[in-house]
Amino acid sequence: MGRAFISGLKAMMPAILILIFAWGLTELIATLDTGLFLSTMVDQLNIPVAFLPVLIFILAGLMAFSTGTSWGSFGILLPIAGTIMVNAEPELLLPALSAVLAGAVFGDHCSPISDTTILSSTGAGCNHMDHVATQLPYALVAAGVSALGYFVLGMTGSVWIGLVAVIIALIVLFTYWTAKGKKRQAQVA
């Protein structure tokens, strides 16, 4: 019983520390008014507000991929993205926050240093980098379609038009890959 407790404590300590540090960093970000500063920079650099959801999605993905944690990326980027959007375009607040969540989960899923990726490859009994390499194309396709949706959403300001763009992209990809698969089967036969 004592060994299991110690083992469980050791297993959970990295996640707990990441959350504690993320909370501390979130407090620091709020104290320094980082979101307000960045929203001012968006105005000064003349970055169109319509590009912010897709840029936030990409940034969250890169951050989570680099750090191997979606939760740490949530803790850092949610307050920043929220403050930027409240100051720049309040109507896009929820899409920007969802871009942080989606991008961070994508980046974490693809990261070779993510705990979930490491546990998945270990549980499957396969080489770790082989696991990363085989899941990466699927995740990149999903991220590309998502980025298209965030881009269309930012350009139109409509969640529904962004959703329609994603559905159309998925239908096109499905049709293309189905036709390609049938062609390959015909060549083999």
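Helices are DSSP runs of H or I of at least four residues, numbered from the N terminus. On this basis the protein chain of the predicted model has eight helices and zero strands, and from the N terminus on its elements run α-α-α-α-α-α-α-α. Along the principal axes, the C-alpha atoms occupy a box of roughly 65 × 55 × 25 Å. Of the 189 residues in the chain, 31% are buried. Among contacts with a separation of 6 or more, 68% are between residues 24 or more positions apart.

The mean pLDDT of the protein chain is 84, and 90% of the residues score at least 70. Confidence is highest in helix 5 (residues 93-110), with a mean of 92, and lowest in helix 2 (residues 34-44), with a mean of 67. Where pLDDT is low, the predicted coordinates should not be read in detail.

The UniProt record, an unreviewed entry, places the feature "transmembrane region" at residues 46-65, 136-153 and 159-179. In the model, residues 46-65 are 70% helix and 0% strand, with 28 Å between the end C-alpha atoms. Residues 136-153 are 100% helix and 0% strand, and the end C-alpha atoms of this span are 25 Å apart.

Leu62 is located in helix 3 (residues 52-67). Leu62 counts as exposed because its relative accessibility of 54% is over the 50% cut-off. Although 45 residues separate Leu62 and Gly107 along the chain, the distance between their C-alpha atoms is 6.0 Å.

Helix 4 (residues 70-88) contains both Trp71 and Phe74, which are three residues apart, or about one turn of the helix. Four aromatic pairs were found in a search of the whole structure. Trp71 and Phe74 form an aromatic pair with edge-to-face geometry, the ring centres being 5.3 Å apart and the planes at 70° to one another. Elsewhere in the chain, one aromatic cluster is formed by Phe57, Phe106 and Tyr150.

Ser73 also belongs to helix 4. With a relative accessible area of 0%, Ser73 is buried because this value is under the 20% cut-off. Apart from neighbours within four places in sequence, Ser73 contacts Ala60, Met63, Ala64, Thr67, Leu78, Val100 and Ala104. Between Ser73 and Ile16, a sequence separation of 57 residues corresponds to a C-alpha to C-alpha distance of 14 Å.

Asp108 is situated in helix 5. Asp108 is buried but has no salt bridge, and Lys10, the nearest side chain of opposite charge, is 23 Å away. With neighbours within four places in sequence left aside, the residues in contact with Asp108 are Ala64, Phe65, Gly68, Thr69, Ser70, Ser114, Thr116 and Thr117.

Conventions: Residues numbered from 1 in each chain as written. Predicted model: local features only at pLDDT ≥ 70, side-chain atom pairs only at ≥ 80, totals over all residues. Heavy atoms only, no water. pLDDT = per-residue confidence, 0-100. Helix = DSSP H or I, 4+ residues; strand = E, 2+ residues; numbered from the N terminus. Phe/Tyr/Trp six-rings, centres within 6.5 Å; stacked < 30°, edge-to-face > 60°. Buried < 20%, exposed > 50% of the residue type's maximum accessible area, 1.4 Å probe, protein only. Lys, Arg positive; Asp, Glu negative; His and termini not counted. Salt bridge = Lys/Arg side-chain N within 4 Å of Asp/Glu carboxyl O. Contact = heavy atoms within 4.5 Å. UniProt positions renumbered as here; feature names shortened; annotations may be inferred.
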